[in-house]
Amino acid sequence: MKIAFDVMSGDFGSKEAILAACEMVKEFTDLKITLVGNEVEIKNHLQEIFKNKPNKNLDIHHANEIVPMTAGPFEALRMPNSSMSQSVRLVKEKKVDGVLSSGSTAAYLGVCHLLLGEISGIKRPAFMPIMPTLKGTKVLVLDIGANIENTADELVTFALMANIYSKAILNIAEPKVALLNIGLEANKGPKVTKETYAKLSELTLKDGKLQQLNFCGNIEPREVLNGEVDIVVCDGYSGNVLLKSFEGITTLIFTLLKKAYKKNLWTKLLGLMSKPVFKTIKTTFDYKNTGGAQLIGINGICFKAHGSSDVQSYYSTLKLLRTAIKQDVTNKIKDEVKKIL
């Protein structure tokens, strides 16, 4: 199993990414990672980490350019020697099984679209993270940023792709699908949301039997992580706001708790006693542990990590990428899409 890892595109330089790759190949001996970026810089970090004892499951693919975080798709496409472009090209050339980058979202989307294209029948790909819930289950949310606006037909396609993923990868027999909205009523929200509601309803029941989807109606943002549904469909703008709100709230809550427990000796003692409980909660809901998002609908296994990723964030996303490769996600989606689109 081989992964191409663009280690140059994150906000904090290449070392965090390289450390995560080292942890991955240490834990998973069946995995080989190609570190894509400045060869001299990567070699210097590897020498520092391994003390002149290189790991055979890590190799280097030199790329002498870095796509700026401010870059759009066209700027990225004019940089074929960038670490991002070279990483995706390794997938196209079938030298690796999947790719990870933490660079500009717009640039990454453009490069993946140009070099790999979409699965036949899919007009728009979507970024889809796998998020934890209060019930201990997982919920797929898409799109969270590949698109700003979407048509009703595109949102329906997102639901169908996530439904396939949920059945094939998460082993959920009849995934519950919901549409993100400001209320539960079918007539709530903008025109595209109401149109999507009607189309998803048409795909759900016929003569009292489930058809292609198990659509459960609208869901409000506050209910997304309750574990009542398995898939939440939304346009990319709303999904991105939703995701970043969750991340911000999680960070805020744990920061406030930390300050509160440091208030005096008594609160410090209470904090010490409660530490195992809060550690478990933080491990579950800290976005650094939930990994990045798959660009689903692309003709290849492509994952995107946060630009602000640290070692833990990269490590979590690499684990998701490894699982997607192992379970042959893209080919399973291709096969099922042929039957329904």
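Author: By relative accessible area, a residue is buried under 20%, exposed over 50% and partly exposed in between (1.4 Å probe, protein chains only). This is a predicted model: local features need pLDDT of at least 70, side-chain atom pairs count only at pLDDT 80 or more, and totals for chains, interfaces and linings use all residues. Residues are numbered from 1 along each chain as its sequence is written, and side-chain values use heavy atoms, without hydrogens and water.

Reader: What does Asp-153 count as: buried, partly exposed or exposed?

Author: Asp-153 forms a salt bridge (a side-chain nitrogen of Lys or Arg within 4 Å of a carboxyl oxygen of Asp or Glu) with Lys-199, and their closest N and O atoms are 3.3 Å apart. The relative accessibility of Asp-153 is 46%, so this residue is partly exposed.

Reader: Which residue pairs with Glu-93 in a salt bridge?

Author: Glu-93 has a relative accessible area of 39% and is therefore partly exposed. The N to O distance in its salt bridge is 3.3 Å, and the partner is Lys-95.

Reader: Which residues are joined with Glu-223 into one network?

Author: The side chains of Glu-223 and Arg-222 meet in a salt bridge of 3.8 Å, N to O. Arg-222 is at 66% relative accessibility and so counts as exposed. Through salt bridges that share partners, Glu-223 is joined into one network with Arg-222 and Glu-220.

Reader: How many salt bridges does the structure hold?

Author: Side chains of opposite charge can pair when their charged atoms come close. The number of salt bridges in the structure is 11.
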